[in-house]
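Have a go at each task before you read its solution.

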Amino acid sequence: MGLHALGIGNGARPEIVRAVARAAEAHGFATLWAGEHVVLVDAPVSRYPYSYDGRIAVPADADWLDPLLVLSFAAAETERIGLATGVLLLPEHNPLVVAKQTATLDVLSAGRVTLGVGIGWSADEFTALGVPFVGRGRRTEEYLAAMRTLWREDVAGFEGEFTRFSAVRVNPKPVRDRRIPVVIGGNGRAALRRAAEVADGWYGFSLSAAEAVDRVSVLREHCAELDRPWDELTVAVALTDATPQTLPDLARAGVGEVVVVGEPPARPDEADRWVARLAGHWMASA
């Protein structure tokens, strides 16, 4: 079980981040997840793809922390629990900077980082950042290739459509054999294909349990088409209707981690009880 509760609203306050991170580790959660939007707008043009009405539930004036920074704060308060971006919108960023920041967090956390990335859905956000919305899928794949080169090579060079550099050093290197696991977020066929082609796993968000099982079957099909061994991939899903009773079926389908999404309480002295209730509800049947 993972927990997606840091970075937004109450989960953006340092005392709550500290309390929830410590409690999640103490009560046996596997991973702390944190997502990203650099900007939100009051009157969005783009449709939010993870709700029926096309609107994101987070109000535009809510506090929303940078995921790598909030996970760095959580890393300093914990020792074992995994830390994952769910997801960082990679095409909005310079890949050399993201490679440096992610490797830094990996070193500071003793190798606990998973980098979840997505291509983004908000044209409003891309416009504000001055990044082309068109081609963001290709940009994401190229940035991943560039970042892996930077992590792997002492002196790195890369020549692509969107980024190019030569004879540069980016340190530190990731802890685990100069690699950081990368999972692709997104529920569509393109995201699933991208996960099978270039990633170490897939993160599905705001799906029903039945939809998650269906998406995993599509991911398996893509792996078969690409001759990609299924056991090379991890699968994590955040569900809209999961219950403890659905966990065995999800596990049989190939889901390795179910991520609980929620906003923590406003008071830090209530955080441990909140996390404990979640853990008791889910893990007794896991």
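**Exercise 1.** Decide whether Gly 186 is buried or exposed, and find which residues it touches.

*Solution.* Start with accessibility: Gly 186 has 9% relative accessibility and therefore counts as buried (buried means under 20% relative accessible area, exposed over 50%, partly exposed in between, with a 1.4 Å probe and protein chains only). Helices (H or I, at least four residues) and strands (E, at least two) are DSSP runs, numbered from the N terminus. Then list its neighbours: leaving out residues up to four places away in sequence, Gly 186 touches Tyr 50, Ala 191, Trp 202 and Tyr 203 (contact means heavy atoms within 4.5 Å).

A note on the ground rules: this is a predicted model, where local features need pLDDT of at least 70 and side-chain atom pairs count only at pLDDT 80 or more, while totals for chains, interfaces and linings use all residues. Residues are numbered from 1 along each chain as its sequence is written, and side-chain values use heavy atoms, with hydrogens and water left out.

**Exercise 2.** Work out how helix α6 (residues 189-198) and helix α7 (residues 209-225) cross.

*Solution.* First take the geometry: the axes come within 9 Å and cross at roughly 45 degrees. Axes are lines fitted to C-alpha atoms, for helices over the stretch in contact, and angles run from 0 to 180 degrees between N-to-C directions. α6 is therefore oblique to α7 (under 35 degrees is roughly parallel, over 145 roughly antiparallel, 65 to 115 roughly perpendicular, and the rest oblique). Now identify the contact: α6 contributes Arg 189, Leu 192, Arg 193, Ala 195 and Ala 196, and α7 contributes Arg 215, Val 218, Leu 219, Glu 221, His 222, Cys 223 and Glu 225. Finally, sort by class: six are nonpolar, one is polar and five are charged (Ala, Val, Leu, Ile, Met, Phe, Trp, Tyr, Cys and Pro count as nonpolar, Asp, Glu, Lys and Arg as charged, and the others, Gly among them, as polar).

**Exercise 3.** Do likewise for helix α1 (residues 14-26) and helix α2 (residues 67-76).

*Solution.* Begin with the axes, which lie 9 Å apart at an angle of about 55 degrees. α1 and α2 are therefore oblique to each other. Their contact involves Pro 14, Val 17, Arg 18 and Ala 21 of α1, with Val 70, Phe 73 and Ala 74 of α2. By class, that contact has six nonpolar, no polar and one charged residues.
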